[in-house]
Amino acid sequence: MERVDVAIVGGGPAGASAAEQAAAGGAETVCLEQGVPREDRDELGPDSTDAAGMLDYWVDIMDVDYREIPDEVILRELSGTDFVGPTERVELNTTGIDASYPTFGFTFHRARMDDWLYERARDAGADIRVGTSVSNLESERSGGGWSHTLTLSDGEEIEADRVVLADGPQRRITLEALDQFTPPGRSISEHLSPPTANHIAYQEYREFPEELFPDDRLVFWWGWMPGETAYPWVFPNDGTVARVGLTMPIGMDLDDIEHPESYRLLKPTDDGIPSGSEYIRRLLEIQYGDEYDVDADIPIVEDRGKSRGTETYPISSTRPIDSPVQAGIAVAGGAMGTTSAFHEGGYHVAVRSGKIAGRLAAADRLESYNEVWKRAIGDEILRNVSFADIVADYGPDDWDRAFSIASGMTGDGRGGRLLARRYAAGIGASKLVLGYKRRKFRYRNGGYVQFREDEYVY
């Protein structure tokens with residue numbers, strides 16, 4: 001049987017980062033990635049888990065010097081974000097958080113970024129095996145510690161002293177591996193089962209006429225489609241290609257939606273929730289259909305993404321869990337439930353949590369992992385779960401009201417109306433801020449964790 005110091009299940013941003021740090025720390029390290037095919041990749045690679053946008057302060061959370069990121073990874077520098085409600089809209093030109101990155105952020109080529117992380121891991125001495133699937137993980141006490149046996153899809157076995165679980169939001173190995181350490185009658189699936197703990201995302205690569213291309217801004221439409229933190233987006237890519245996509249909860253039922261007629265992307269004739277592709281078609285028709293033929297003038301670019309210019313993937317949309325570190329196991333990235341702004345863009349927290357897990361695994365100090373990752377990314381998670389709580393039940397009118405308040409605070413430069421809007425914003429903004437502070441207080445000191453370290457049974 002093959003034996004290693006550290007085995008990593010999953011080779012996305014968390015797994016690759018864990019592999020780099022573990023190998024750099026002197027541990028014999030293997031990273032096992034099942035791999036998926038993509039139109040824009042010659043070989044198998046990790047699954048796509050986000051829309052590949054990076055805000056300025058996210059680079060610092062990743063603990064990466066942005067000057068080291070290869071030029072071919074970054075597709076478009078960003079100047080800001082537009083939030084579009086049913087009738088109101090807000091422009092955001094700063095994240096409001098100090099950051100080393102010189103602009104608002106950037107969009108990036110996901111496969112190239114993943115490859116760059118692989119290159120760093122291999123340079124550090126890690127054994128990266130893409131196309132190798134893990135089918136089972138069993139843990140048992142061994143002397144004064146623990147030993148972990150990973151069974152591969154071909155029947156081969158690897159024994160590891162320590163394991164980093166980084167198999168993403170699908171958690172194909174994580175759930176059963178952690179259930180070895182849960183009390184009778186409980187299961188990690190209660191917290192992290194993909195159908196309930198994840199959102200689903202769908203996106204298309206579309207070629208825009210130059211006069212329509214969003215150029216250097218991200219655009220999000222809030223309150224246009226039903227579902228907790230469900231929204232379409234446009235991310236500018238290279239040339240005049242943009243990714244047009246959306247995220248929404250899994251398994252929604254139209255009968256459970258209050259006032260479906262208030263959502264611009266629903267129609268009275270709908271007998272169910274539209275597909276992702278239908279949602280995008282409706283959005284483009286509303287935005288541009290009066291002057292452009294969507295199919296002819298904004299076509300899908302078929303040599304991108306997973307399949308003919310489209311891709312579907314899960315996004316972790318829940319609160320994180322602690323890891324059973326006393327057993328020599330750390331869970332990182334989407335597998336542990338980490339989430340970012342409204343469940344979108346988790347690449348940075350995946351990289352950082354993976355780095356921490358790998359570094360501590362190499363030093364045989366995983367017992368401090370739960371404490372260290374909270375110090376590193378806890379503020380980010382606290383912000384995001386608090387905001388997600390506030391908007392969980394928002395409908396179209398709520399989004400318009402929130403954007404009106406935000407517009408009032410920033411000003412619209414139209415004389416007397418501006419004064420009225422600022423006055424209204426002062427009252428409304430106070431309520432929003434108070435609600436946000438209450439939720440942050442509720443989740444203080446790591447209270448956002450769904451399953452704590454002391455709940456595991458060894």
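This is a predicted model: local features need pLDDT of at least 70, side-chain atom pairs count only at pLDDT 80 or more; totals for chains, interfaces and linings use all residues.
Two strands pair if DSSP finds at least two bridges between them. With that in hand, strand 5 and strand 6 can be described: they form a hairpin, with four residues between them.

Asp82 has Glu91 in strand 6 as its bridge partner, and Val84 has Arg89 in strand 6. Strand 5 also pairs with strand 13, this time in the parallel sense and over five bridges. On that side, Phe83 is partnered by Phe220 of strand 13.

How much of strand 5 is covered? Five of its five residues are buried, so strand 5 counts as mostly covered, buried meaning under 20% relative accessible area. Its residues point two ways: Gly80, Asp82 and Val84 to one side, Thr81 and Phe83 to the other. The residues of both groups are buried.

Strands of a sheet pair through backbone hydrogen bonds, and the pairing can be parallel or antiparallel. Here seven strands make up an open sheet with mixed pairing, and their order is 6-5-13-14-15-12-16. The edges are held by strand 6 (89–92) and strand 16 (310–316); each has a single partner strand, so one side of each is left without a neighbour in the sheet. On average, and ignoring direction, neighbouring strands of this sheet are turned by 20 degrees against each other.

Helix 7, residues 276–288, lies across strand 12 (198–207), strand 13 (217–221), strand 14 (231–236) and strand 15 (241–249). Its direction makes an angle of about 125 degrees with strand 15.

Thr229 is found in the loop between strand 13 and strand 14. Its phi is positive, about 45 degrees, although Thr229 is not a glycine. Is Thr229 buried or exposed? Its relative accessibility is 2%, and therefore it counts as buried.

Another open sheet is made of three strands in the order 3-7-4, with antiparallel pairing. Its edge strands are strand 3 (53–55) and strand 4 (74–78), each with a single partner strand, so one side of each is left without a neighbour in the sheet. The twist from one strand to the next averages 20 degrees. Strand 3 pairs with strand 7, residues 105–108, through three bridges in the antiparallel sense. Within this pair, Gly53 stands opposite Thr107 of strand 7.

The remaining part of the account concerns helices packed against helices. Helix 1 (residues 13–24) and helix 9 (residues 347–362) have axes that come within 7 Å and cross at roughly 30 degrees. Angles under 35 degrees count as roughly parallel, and helix 1 and helix 9 are therefore roughly parallel to each other. Their crossing is right-handed. From helix 1 the contact takes in Pro13, Ala14, Ser17, Ala18, Gln21 and Ala22. From helix 9 it takes in Tyr347, Ala350, Val351, Gly354, Lys355, Gly358, Arg359 and Ala362. By type, the residues of this contact divide into eight nonpolar, four polar and two charged.

Helix 9 also packs against helix 10, residues 369–391, with the axes 10 Å apart and at an angle of about 160 degrees. Angles over 145 degrees count as roughly antiparallel, and this is therefore how helix 9 and helix 10 are placed to each other. Helix 9 passes helix 10 in a right-handed crossing. In this contact His348, Val349, Arg352, Ser353, Ile356, Ala357, Arg359 and Leu360 of helix 9 meet Tyr369, Val372, Trp373, Ala376, Ile377 and Glu380 of helix 10. These residues divide into nine nonpolar, two polar and three charged. Arg359 of helix 9 takes part in the contact with helix 1 and in the contact with helix 10.

The loop between helix 9 and helix 10 is the place of Asp364. Asp364 has a positive phi of about 55 degrees although it is not a glycine.

Technical notes
Residues are numbered from 1 along each chain as its sequence is written. Side-chain values use heavy atoms; hydrogens and water are left out. Axes are lines fitted to C-alpha atoms, for helices over the stretch in contact, and angles run from 0 to 180 degrees between N-to-C directions. Helices (H or I, at least four residues) and strands (E, at least two) are DSSP runs, numbered from the N terminus. Angles under 35 degrees count as roughly parallel, over 145 as roughly antiparallel, 65 to 115 as roughly perpendicular and the rest as oblique. A crossing is left-handed if the near helix is turned anticlockwise from the far one by less than a right angle, and right-handed if clockwise. Contact means heavy atoms within 4.5 Å. Ala, Val, Leu, Ile, Met, Phe, Trp, Tyr, Cys and Pro count as nonpolar, Asp, Glu, Lys and Arg as charged, and the others, Gly among them, as polar. Buried means under 20% relative accessible area, exposed over 50%, partly exposed in between (1.4 Å probe, protein chains only).
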